[in-house]
Amino acid sequence: MAGGSAISGLVGARVHRKEDRTILTGAGRYVDDVQERGMLHCHFLRSTVAHARITGIDVEAARGLEGVVRVFTGADMSAITEDLNFAQPIPGLHSPAYPAIAHDVVRYVGEPVALIVAESRYLAEDAAALIEVEYDLLDPVVSTTAGLADGAPQLFEDVPGNVVHADEQLFGDIEAAFAQADHVVTDSLDQHRWACNPMETRGGVATYDRGSGQLTYEASTQTTHTLRFLLAGWIRQPIHQLRVTANNIGGGFGLKFSIYREDVALCAAAKAIGGTVKWIEDRNEHLVAAGAAREEQLTLEAAVKADGTLLGLRVTMLLDAGAYPINPPATVYAGLVRTTLPGPYKLPAYQFSHKIVATNKASYISLRGPWAVETLVRERLMDKIASTCGISPVEVRRRNLITLDDQPTKMVTNVTLECVTAAETFEKMIGMVDLDEVRREQEAARAEGRLLGFGVGTFIEPAPGTQEFWAAVGFPFGAEPLRIRIEIDGKVTAFTPQTPHGQSHETTLSQLIGDELGVGMDDIRIVYGDTDATPFSMLGTGGSRAATMASGAAVYGARELRTRVLDIASHLLEASVDDLEIVDGIVSVKGAPGASVPLGQIAMGCWLAPDQMPEGTNTELEYVASYDGEGGGFSQASHACWVEIDQETGKVEVTRFLVVEDCGRMINPAVVEGQVVGGVAMGLGGMLLEHSAYDAEGQFLSATFMDYLMPSAPEVPEVEIEHLEFESDKVISSRGVGEGGTVLAPAALLNAIDDALAQVGRGRVMATPVTPTRMLELLGVIEKA
Amino acid sequence: MKPAAFEYLSPTSIEEAVQALTDPDDGDTKVLAGGQSLVPLLSLRLAQPARIVDINRIPGLGEITESGGVLTIGTLVRQRSAEHSDVVRRACPLMAEALPHIGHTAIRNRGTVGGSIAHADPAAELPTVAACLDAELVARGPRGERVIPAAEFFTGFFTTALAEDEILTAVRIRSAAPGTGAAYEEVSRRHGDFAMAGVAAVVRLDGDVVAEARIAISGVDLVPVRAGKAEAALVGRVVDEPTLVAAAEAGVADLHPSADLHGSAPYRKHLAGVLIRKAVRTAAQRARESR
Amino acid sequence: MNNGNTTREITLTVNGRKRTVTIEVRRTLADFLREDLGLTATHLGCEHGVCGACTVIVDGATERSCTQLAVQADGREVTTVEGLNGPNGELHPVQEALRDHHSFQCGFCTPGFVMAIHGMVEEKKAGRPSPCSRAEIREELSGNICRCTGYQSIIDGAEAALAAGAGKES
Ligand SMILES: Cc1cc2nc3c(=O)[nH]c(=O)nc-3n(C[C@H](O)[C@H](O)[C@H](O)COP(=O)(O)OP(=O)(O)OC[C@H]3O[C@@H](n4cnc5c(N)ncnc54)[C@H](O)[C@@H]3O)c2cc1C
Ligand code: FES
Ligand code: FES
């Protein structure tokens, strides 16, 4: 554990995080920590019903309450804002525009129906209690099947049949594949809704400067630039007069990738009032209204040879989109699932069709690896193929996995795979497990009446993915910029459009820059979260891009400045550039430490007296680098999961969890491991505990942390991690690792549970979450209620 | 999630506190003890009393004493203090075992023994312990003190026999007799959550035969329930597996638990049976060891 | 006895400093610390007692600041994370242990964990029953939720803090 002043060899070391002093002392500035003079507080009154026409709203009493500054109804808000419109020119996509605050119809429990601005949150909530809304109830749609049924209530005029998007795509000769099959193996899974639930909820502080007409929005967001860009139009603010900032962010997990109607209402309110307003979502609102993810139902049909070789695969997916579209469009989720699903396996033919269905629920949002269901269903299917063909789960994967020797090759979805080591991580993992011992232990346990299960899985993760991959998905894959400056005293400032919220970019980017420029961690500052200062990017922090993309921009930027500095130094020291090094901020001739010049001296010259610097040198010490990812790439991992199932209580305990991952070169192994363990914990929690549940009327059932069960420390296993640092020959051979744990862990877990069920002759898990009740139903101990 | 406005009183004597509850007697006053249930309810605005009477400043309500074979726990004794009390461990091992199941350390540092019983959550541990041991709940009101047997105390879902102007001041429990063993078993979704079901069991053995059995179940009804039939199925018998199975069957036969997100009705009923077996088995084992 | 009213004057000690303030009685201790005193290290993750982000130490014991009213802190002594650092901002040994183990990511849950672990170390020093094994530490910290880390790194840090704290005065 190096301290902050190491001078080289930073990359690859477990250096202390730069972020830690701030967060450990509580000195961070999260949205709710912001206090401005005269700041007002916002509270949204939200719909208590899932689907209704608003026939009246009386806000007079609320407006009259002392301390209440303004109450906006939907009509008031629509007079000063444009509807949120996420529509994109995607064939067949029905993406209705909608107002920041509902004024005619509400379509989910929790939809904003009024915004109260008051001197305190307490008063704003008092005022909300005085507002009377009259609803004319409409029948709610609470599932995809209900939404698709004949005569189903229609959510939107412009979403016929409640189908937001439907598509079918064919790759290869699927008919031939099934014609040749020895077995057709079918499977299905009904995944429940669960949510990001960052510990910091959504929120923001909007300040309108009446003098300059400038609006500043300090937000809890993953993407400052996209937020600004979309916000400007919807609040009718000239974009050059709009600044979006972000300081500390208490987690996002995909949720904070989009802009929400609350952002629009809040900024419009600040503008209308002419001052500062704050809104922080409380946990109750967050659970009810912030949106949730993962509600998908898939069916699979695989054509396989007798030896378990995959010939073809047909998949259908229904995705419960909730009521309102957000960013990205739901077609992106479908595209991700479709494109990634074949994974690291040889698959000659493939057919994928999906229907995205609007329902009376909060929006379907991104959650850490939004495509995750593809890995979940594929890895379950592999196990089912194994049992159908009478081979082991290990063998079925061996027979179908693409190895390094097979590459480069193309996935059936037309994505080139190169340097993909899923097979190698899998072999390494299997090498670490004594499979015979696992089976012996299971037998011994069964003899004592205990039930153990073991499951594996493997996958590839587009982190960051490739041009081809994102083209197949239908989402842009932009280059990543970074501005870097050597300051007048030789210290370094870098400006990134990343908006880190736990991913340690201040540390990892400093490590990369430090090694390139020969300066210590403490002499580098990473600036993020300010659209006035950072270069533009549509993407911010999400999609596990940073490890490759932001790193590349940092390295290229630092290298460019290093070249300029060394060029100048070579004149000053009368030495060849090749003989120079920079160590701890001093440029010197290798082997002759006396011949040296401090970086600070060169910088001072460049900034103050560039005309006195050596002729023909570039004295500009600020540079905007851009990195295209050199084609990008994939991360991969294999997981093994051991469970014990209590046949009396139905509780599933994960007794051991092993991860072999390969994200290329690790910039900071401690950061990588933190992402992996955190990801696994989230994946396991999602399968066993968490549920954003609705009842048949569309009422939300998980509105507190007493009902929405976040995994706590005792529910999470110790995770063993092995790294396989396969390095490509690219300048940046680091790839993302933020999402994979959450993507793959559910598959290994469900395979382990199914393995246990099979030992006692019971059927597999077909729907999640795997609650103790469901477990005992599967075990045949209790009847289905 | 901010509490609605209320008036706040912090009496420093029990008389004052009772007075504060009596006047005005519009039924809109709430006692505040540890606040670990009440304050979240205030913040969620599920409770919006006009007045709050904070009893934390009343001296004398936070003592644990044992005399004449009776353990008395003042209503304000923090759950964590009770958990660490040698007196409680000796005189009421059942409660000592149940306490750590309540929430988490920081919750128990503030939550009170009396508050939990007065709150009467049917899934909570202490009401179940009280029901199991036929605790006496001591209440003070404008008409003076009265003692309410646990069997009459829990009257419905989150409701008790306490009148609106009464304060629970203490819990009295007969000290554990020699030759008895106790056990508290529960299953919750996560560590520290309210249980899907829990079972408190006390067994007194005469030789190898059960002389007395007390079983109470949480989480399966509107109130903690005494499993009288299970108790009857044990008395006079040796605690072996067939007896346990029979007792568990008898104990759950009349249960009609309701379902929620965390457990279906059949699940809770099944779980109660499992826990009866576990708890009674352990209690009997401990009874044997205590001799 | 004060008359029932909606505001009240209280005197309390926060991070060693005695203060007398008049506050609205419905204000939670968390809101009082954060908004009235500007001590925003104490975070609010749920406001109903589950997540532990608001954990502070009151009269020597860890308590939630979201599940008590500020008026109830009258006469009591409250310590928040802001009260842990040395005079020149030195990290407290608990904070050092957590930094050394890369315990946290986004930092939102962090002050709550720091206080909960600090409370554990102090209990251990005072000779009260305290967790030893990793599993016991996990149980003891079950009242603090972290969405980012999966806890392992926090348990590493807590284990080290307990080991160090057992030998040291702070
Ligand atoms: C995260 C979390 C987890 C929890 N888990 C559990 C758990 O697993 N098991 C469990 O049992 N509890 C649990 N609780 C609840 C906690 O134990 C409370 O302490 C307890 O339910 C109430 O006790 P209290 O002293 O805090 O009472 P308060 O919250 O102050 O009061 C609760 C109710 O009882 C009334 N009341 C309190 N004292 C008296 C009195 N002396 N006379 C008359 N009325 C009175 C109040 O008016 C109020 O209606 C949990 C709480 C939280 C926040
Ligand atoms: S904010 Fe207090 S426990 Fe979550
Ligand atoms: S570090 Fe983000 S919630 Fe714990």
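At what angle do helix α12 (residues 393–400) of chain A and helix α13 (residues 422–431) of chain A pack, and how far apart are their axes? The points below take up this pair of helices and then other features of the predicted model.

1. **Helices α12 and α13 of chain A.** The two helices pack at an angle of about 155 degrees, and their axes are 11 Å apart. Since angles over 145 degrees count as roughly antiparallel, α12(A) and α13(A) are therefore roughly antiparallel to each other. Their crossing is left-handed. On the α12(A) side the contact involves V394(A), R397(A) and R398(A), which meet F426(A), E427(A) and I430(A) of α13(A). By class, the residues of this contact comprise three nonpolar and three charged, with no polar residue.

2. **Helices α19 and α20 of chain A.** The axes of helix α19 (residues 669–688) of chain A and helix α20 (residues 740–759) of chain A come within 7 Å and cross at roughly 50 degrees. That angle makes α19(A) oblique to α20(A). The crossing is right-handed. From α19(A), the residues V676(A), G679(A), V680(A), M682(A), G683(A), L684(A), M687(A) and L688(A) take part; their counterparts in α20(A) are G741(A), T742(A), A745(A), P746(A), L749(A), L750(A) and I753(A). The residues of this contact divide into 11 nonpolar and four polar, and no charged residue is found among them.

3. **Helices α11 and α12 of chain B.** In chain B, helix α11 (residues 241–252) packs against helix α12 (residues 265–289) at an angle of about 140 degrees, with 8 Å between the axes. The pair α11(B) and α12(B) is therefore oblique. In passing α12(B), helix α11(B) makes a right-handed crossing. The α11(B) residues in the contact are E241(B), L244(B), V245(B), A247(B), A248(B), G251(B) and V252(B), while α12(B) contributes K269(B), A272(B), G273(B), I276(B), R277(B), V280(B) and R281(B). Eight of the residues in this contact are nonpolar, two are polar and four are charged.

4. **Interface of chain C with chain A.** Here 47 residues of chain C are in contact with 55 residues of chain A. The area buried between the two chains is about 4300 Å², and carbon and sulfur atoms give 55% of that area. Three residues deserve mention: H102(C), Q105(C) and R147(C) supply 20% of the area that chain C buries against chain A, more than any other three residues. Six salt bridges are found across this interface. A salt bridge also links E718(A) with R138(C), where the closest N and O atoms are 3.0 Å apart.

5. **Interface of chain C with chain B.** Contacts here connect 37 residues of chain C with 34 residues of chain B. Chain C and chain B bury about 3000 Å² between them, with 51% of it on carbon and sulfur atoms. Four salt bridges are found across the interface. D31(C) forms a salt bridge with K2(B), in which the closest N and O atoms are 2.9 Å apart.

6. **Backbone geometry.** Most residues other than glycine have a negative phi, and most peptide bonds are trans. The peptide bond from N327(A) to P328(A) is cis, with omega near 0 degrees; P328(A) lies in the loop between β14 (310–320) and α10 (330–340) of chain A. In chain B, D23(B) and P24(B) are joined by a cis peptide bond with omega of about 0 degrees, and P24(B) is placed in the loop between α1 (14–22) and β2 (29–32) of that chain. R236(A), a residue other than glycine, has a positive phi, near 55 degrees. R236(A) belongs to the loop between α7 (224–234) and β11 (242–245) of chain A.

7. **Surroundings of R78 in chain B.** The loop between β5 (70–74) and α3 (79–84) of chain B holds R78(B). Leaving aside residues up to four places away in sequence, R78(B) touches G34(B), N56(B), R108(B), N109(B), R110(B), G111(B) and T112(B). The C-alpha atoms of R78(B) and H104(B) are separated by 13 Å, and the two residues are 26 residues apart along the chain.

Note on methods: Residues are numbered from 1 along each chain as its sequence is written. Chains are lettered from A and ligands numbered from 1 in the order in which they are written. This is a predicted model: local features need pLDDT of at least 70, side-chain atom pairs count only at pLDDT 80 or more; totals for chains, interfaces and linings use all residues. Side-chain values use heavy atoms; hydrogens and water are left out. Axes are lines fitted to C-alpha atoms, for helices over the stretch in contact, and angles run from 0 to 180 degrees between N-to-C directions. Helices (H or I, at least four residues) and strands (E, at least two) are DSSP runs, numbered from the N terminus. Angles under 35 degrees count as roughly parallel, over 145 as roughly antiparallel, 65 to 115 as roughly perpendicular and the rest as oblique. A crossing is left-handed if the near helix is turned anticlockwise from the far one by less than a right angle, and right-handed if clockwise. Contact means heavy atoms within 4.5 Å. Ala, Val, Leu, Ile, Met, Phe, Trp, Tyr, Cys and Pro count as nonpolar, Asp, Glu, Lys and Arg as charged, and the others, Gly among them, as polar. Buried area is the accessible area (1.4 Å probe) that two parts lose on being put together, summed over both. A salt bridge is a side-chain nitrogen of Lys or Arg within 4 Å of a carboxyl oxygen of Asp or Glu.
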